[in-house]
Amino acid sequence: MREKYRKRRTLFVRKISLYDMQSLCVLLGVELIFWLYAVAKGRGLLFFQISLAVIPLSLLSCYMIFRMNADRYLLIFTVFLLNFGFLLQMFAQKEDKGLLSATVLKCCIAFAAAILFGGLFWKFSFLLSMDRVLPLMVGIQVLLCLLLFLLGKTTGDREDQGAVLNLDLGPVSVQPLELVKILYIFVMVILLCKEEKKNQRIFWMPRELFAILYTAVLGLTMLLFFSELGTFLIMFLVGGILFLIYSRNRKNIKWLLLLVLLCAALGAGACILFREVIPPLGKVYDRFYYMAQPELDALGDGYQGLLAKKALTVGGALGPDTDRYLFTIPQENNDLIFAKLVQTCGFVTGVFMILSFLLLLRQGMKIAGKKEDLYYSGLATGITLLFVMEGIVHIACNIGLFPITGIPLYFVSQGFTSLTTGMVMMGFLLVMSADNQERREDYEKIWEERFQRLQRSIFPSRRRA
């Protein structure tokens with residue numbers, strides 16, 4: 001037995017190419033650069049302790065990626081963004097007490113979840129593409145929204161202006177809307193990206209019409225019941241791009257765009273005319289109004305935007321030379337972490353973060369273009385768009401181009417839910433980059449027959465007398 005494992009290990013070492021060794025060197029080089037920067041900022045010891053946990057997890061991920069022949073660049077981009085997050089959390093937290101243990105624990109859980117769910121996706125991804133799971137996914141979304149509506153906690157400086165985002169489960173606080181967004185991508189890909197089912201209706205409606213109605217209902221639910229403008233916008237952006245890329249009825253796209261523009265114009269008019277009567281419309285109006293001029297309500301709706309603009313000016317090109325110019329920004333670990341990055345590390349570092357998301361977009365779209373199965377191509381596109389669109393909306397909120405919302409920055413923000421879900425989705429993308437999935441048309445027929453037999457065994461039909 002030992003001789004067998006020894007031969008396998010020797011064969012694997014021989015398979016490691018120069019390209020793999022370069023990837024390992026780049027990965028360790030990223031850790032070294034961030035550690036040197038932390039040393040220059042006086043946080044070298046703490047960052048080194050965090051790296052002692054991150055590096056073994058990264059090397060374990062490298063081992064699995066090399067075995068699967070997955071995309072190495074995705075792991076490098078992920079580790080690059082994770083180090084940004086660790087660095088900013090050290091700057092944002094005044095005391096180091098509890099930061100090391102909390103960061104290491106979250107990182108270990110996120111890596112473990114990515115490996116676990118990535119392995120399950122590798123083996124059973126075809127089950128998630130079946131039309132039979134559509135009601136299950138939509139039902140889970142409805143259940144999560146119902147739980148959040150009944151038990152959710154309002155976040156924000158003011159109760160009437162805050163969004164319902166968090167669900168407290170004892171010592172852990174989760175954001176169910178992150179799971180709702182992931183399930184939204186899977187539902188949209190099933191509706192738009194299955195060639196063998198393109199003529200089959202869903203609830204007596206064409207698949208594309210159902211996708212439009214589903215997006216509209218879910219997005220308006222986010223806006224009206226949870227006051228979540230950011231999630232509303234991201235769903236429409238990701239769903240709209242997926243529809244533009246994978247829709248079969250190209251002639252109807254221009255009418256869909258006109259409808260979206262008309263709805264936006266009507267919505268803007270309604271916010272102006274009925275802001276005093278309908279509170280959610282008034283909230284949207286106030287967000288856009290004080291976004292452009294936060295100084296008009298410096299102690300109210302414009303408070304966060306004003307501090308974010310001030311933080312962007314303090315950072316300069318490479319960050320301030322002393323900490324005496326730094327100040328605390330509300331939600332600087334999550335919603336305004338890009339402003340905190342520019343404040344502490346400078347505008348040049350912020351540009352590097354933006355470039356990392358653009359490179360992630362390029363690599364994800366390259367993976368989607370290589371997939372022969374349209375379902376996996378759409379899924380890779382949807383996951384990549386979710387990463388990038390959340391990054392765009394987050395950065396736009398931080399630099400004053402969009403009202404501040406509760407949108408985190410994947411892999412960088414402190415939130416446990418966003419970090420874990422982001423790592424799991426990156427695991428899905430890495431599995432798809434390895435090109436190991438197989439989804440045949442007869443799989444769905446076989447599983448449909450199994451489900452019908454199970455259904456008949458549980459609910460036997462009555463025999464006629």
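Of the 113 residues in the largest nonpolar core, which touch the most other members? Met 353 and Leu 379 do. This is a predicted model: local features need pLDDT of at least 70, side-chain atom pairs count only at pLDDT 80 or more, and totals for chains, interfaces and linings use all residues. Residues are numbered from 1 along each chain as its sequence is written, and side-chain values use heavy atoms, with hydrogens and water left out.

**Overall build**

- The protein has 17 helices and three strands. Helices (H or I, at least four residues) and strands (E, at least two) are DSSP runs, numbered from the N terminus.
- Of the 465 residues in the protein, 49% are buried. Buried means under 20% relative accessible area, exposed means over 50%, and partly exposed lies in between (1.4 Å probe, protein chains only).
- The accessible surface comes to about 24400 Å². Carbon and sulfur atoms account for 66% of that surface. Accessible areas come from the Shrake-Rupley method with a 1.4 Å probe; for residues, only the protein chains shown count as cover.
- Take the contacts between residues at least 6 apart in sequence: 71% of them join residues at least 24 apart. Contact means heavy atoms within 4.5 Å.

**Nonpolar cores**

- A nonpolar core is a set of buried Ala, Val, Leu, Ile, Met, Phe, Trp, Tyr and Cys residues joined through side-chain atoms within 4.5 Å.
- Met 353 touches Leu 81, Phe 84, Phe 338, Leu 341, Leu 409 and Val 412. That list does not count residues up to four places away in sequence.
- A second, separate core has eight residues, including Leu 307, Phe 327, Ala 339 and Ile 404.
- In soluble globular proteins, nonpolar side chains tend to be buried together.

**Nonpolar surface patch**

- Helix 6 (134-151) and helix 8 (207-226) each supply at least two residues of the patch. Helix 6 gives the most, with six residues.
- Leu 147 counts as partly exposed because its relative accessibility is 33%.

**Salt bridges**

- The structure holds four salt bridges. A salt bridge is a side-chain nitrogen of Lys or Arg within 4 Å of a carboxyl oxygen of Asp or Glu.
- One of them joins the side chains of Asp 131 and Arg 207, at 3.1 Å from N to O. This pair links distant parts of the chain, 76 residues apart. Asp 131 is in the loop between helix 5 (99-124) and helix 6, while Arg 207 is in helix 8. Both residues are buried.
- Lys 181 pairs with Glu 178, with the closest N and O atoms 3.3 Å apart. Both lie in helix 7 (residues 176-192), three residues apart, about one turn of the helix. Lys 181 is buried because its relative accessibility is 2%. Glu 178, at 3%, is buried too.
- Glu 390 also forms a salt bridge with Lys 181, and here the closest N and O atoms are 2.3 Å apart. Glu 390 lies in helix 15 and Lys 181 in helix 7, so the pair ties together parts that are 209 residues apart in sequence. Glu 390 is buried, like Lys 181.
- Salt bridges that share partners join Asp 131, Lys 194 and Arg 207 into one network.

**Cysteines**

- There are zero disulfides. A disulfide is a pair of cysteine sulfur atoms within 2.5 Å.
- Cys 345 is buried, with a relative accessible area of 1%. Cys 397 is buried as well, at 5%.

- Phe 411 is not a glycine, yet has a positive phi of about 75°. Most residues other than glycine have a negative phi. Phe 411 sits in the loop between helix 15 (374-398) and helix 16 (416-433). Phe 411 counts as buried because its relative accessibility is 3%.
- Leu 359 lies in helix 14 (residues 347-370). Leu 359 counts as partly exposed, at 40% relative accessibility. The C-alpha atoms of Leu 359 and Phe 77 are separated by 8.0 Å, although these residues are 282 apart along the chain.
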